[in-house]
Amino acid sequence: MANATLEALRIRMQFQIDASKTRDERNRMGQFATPPGLAAGILRRTPALICKKKGIMFMDPAVGTGSFYSALLETFPKHGISRAVGYEIDTHCGALADDLWGDAGLEVRVGDFTRAEPPAEDGDRFDLIICNPPYVRHHHIPSDKKRHLAARTLGSCGADIGGRAGLYCYFIGMSHAWMRHGAVAGWLIPSEFMDVVYGAPLRRYLTDTVTLLHIHRFDPNHCQFNDTRVSSAIVWFSKQKPMPGHAARFTYGRSLESPSQDGMIPLDVLRTSPKWTRYPAMKPHATRHYKGGVLGDFFRIKRGLATGGNGYFIMPEDEVERRGLPREGFRPVLPGPRHLAGGVVQADGSGNPVLERRLLLLDCRLPEDELARRHPLLHEYIEKGRKDGVAAGYLCRNRLPWYSQENRPPAPILCTYMGKNKARPFRFILNESQATATNAYLMLYPVGKMAAAMADPEIRESVWRLLNGIRPQTMIGEGRVYGGGLHKVEPGELCNVPAGGISGLLSG
Ligand SMILES: C[S@@+](CC[C@H](N)C(=O)[O-])C[C@H]1O[C@@H](n2cnc3c(N)ncnc32)[C@H](O)[C@@H]1O
């Protein structure tokens, strides 16, 4: 049968396989097939990266129904490929790949790639690995399996992958032992590894063990998959130590063929940068030693309160009154960011926020027997929380008493740290009230000279204006981005944001 006919059949069968499984099953097995156009695009980029033009030995360690093998046949002449091997753990997918591509030269090995023995001789290893590995998140990987994966990856390439990494990190590391010296690999993986802590060993592998050739990061607002929200990157490298002064190509945009951003980033820059998604938008010569300091120099930044059940712990002020609950068991708390469109929370004479939506947070430190004596109605409410299972939740059962909250005094500045609007994903809020905040916000507590200076209301307002004047791209560059274009900045990342003119407020 012609390749095009086989590919049309494959796409139909893949659709049926996907439809026969639940989302949870597919998450646990990492079964999200590469769209055919994307597989073809990845293969089209490959001849420019691989020196060998004949006798190529190809492998896909997670072959599925063979999308990459199909694209390989379209890209390389048949006589250019001397051998092709695909691993697949799912017997149904594996049998189908074998039926479709067996006669066309693909050797399908139905089994677990992470348990397979790599060839002992360099001559038996592969020249080209192209793979969309299972992403399977770490909480779906049992700990004994994680230990096995970590040990084999360390043995294969020296990368010490940590317990929070997804299965794809181990796949890349283990495949090292299957690659011939000088072989090329192209991996379609979540771009998350470029920014997160668990991605650090993989980033080190890419800068120090192999020669990183090219990373294309897709615009997260244009998800490549129809059936899962993940922001993707394609990472190409060759198995050889990098030359001194080597720079890797970084591209970004909706399409691999015509990226909207393109730049060469030296490995020396990548080695010291914990965030790679800022490239190529950020120029590599931009210094990390900002003249005006970073926000962490002026603020202690903490995540807001995780209550363990906002629906139970937070209620409108009038409901507290209606239930006859004592005000001293509660403290004011700010509503979510969408209720604070103005950006400034004013206070009344008692420090309560002047807002239409006034909320109170249950935060009581009295022991239960005393509570029962002094405030029987609140005690009843506590009993209800226990009956409804709130007390048994992870956060609550680790607090003493479970109906008290962690210590989070009101902060004068809050940051909304999640957002989809690329033009302005994050906002700073000036909080003049004594209300605390939940983990819908990051809380900025001024330290040192800044704490003294911010006692002055004019300085407080100037700080707030300057913070909101920080370019969105600067904040995005320190944060991370998830599938669907959700931008997020964690407390440690916000600390690294350049503080701009804020230090000027302290001079004199
Ligand atoms: C993300 S899908 C990609 C499939 C195919 N290569 C494609 O691009 O359409 C990953 C595949 O890896 C398979 N898989 C998961 N764990 C595996 C393992 N330990 N060994 C081999 N294959 C595995 C899954 O069943 C799934 O078919």
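What follows is a short chat about this predicted model.

Q: Before we start, what are the ground rules here?
A: It's a predicted model, so local features need pLDDT of at least 70 and side-chain atom pairs count only at pLDDT 80 or more, while totals for chains, interfaces and linings use all residues. Residues are numbered from 1 along each chain as its sequence is written, and side-chain values use heavy atoms, with hydrogens and water left out.

Q: OK, ligand then. How many residues surround it, and which are the closest?
A: The ligand has 23 residues around it, and the closest are Q31, T34, A62, E88 and D112. A residue counts as near if one of its heavy atoms lies within 4 Å of the molecule.

Q: And what's that shell like by class?
A: Twelve nonpolar, seven polar and four charged residues. Here Ala, Val, Leu, Ile, Met, Phe, Trp, Tyr, Cys and Pro are nonpolar, Asp, Glu, Lys and Arg are charged, and the others, Gly among them, are polar.

Q: What does the side chain of E88 do with the ligand?
A: An N or O atom in the E88 side chain sits 2.6 Å from an oxygen atom of the ligand. A polar contact is a pair of N or O atoms within 3.5 Å; within protein, one must be able to donate a hydrogen and the other to accept it, and residues adjacent in sequence count only if both atoms are side-chain atoms.

Q: Which backbone atoms come in?
A: A polar backbone atom of A62 is 2.7 Å from a ligand nitrogen atom, and a backbone N or O atom of V63 is 3.3 Å from a nitrogen atom of the ligand.

Q: How much of the ligand's accessible area does the protein cover?
A: 97% of the 590 Å² that the ligand has on its own. Those areas come from the Shrake-Rupley method with a 1.4 Å probe; for residues, only the protein chains shown count as cover.

Q: Switching to sheets. What's the strand order in the five-stranded one?
A: β10-β18-β15-β17-β13, an open sheet with mixed pairing. Its edge strands are β10 (299–303) and β13 (344–345), each pairing on one side only. Strands (E, at least two residues) and helices (H or I, at least four) are DSSP runs numbered from the N terminus, and two strands pair if DSSP finds at least two bridges between them.

Q: What joins β12 to β14?
A: Four bridges, with β14 covering residues 359–362. F330 is opposite L362 in β14.

Q: Last one: where are the cis peptide bonds?
A: One joins Y279 and P280, with omega about 5 degrees; P280 is in the loop between α9 (267–271) and β10. Another joins L400 and P401, with omega about -15 degrees, and P401 lies in the loop between α14 (394–397) and β15.
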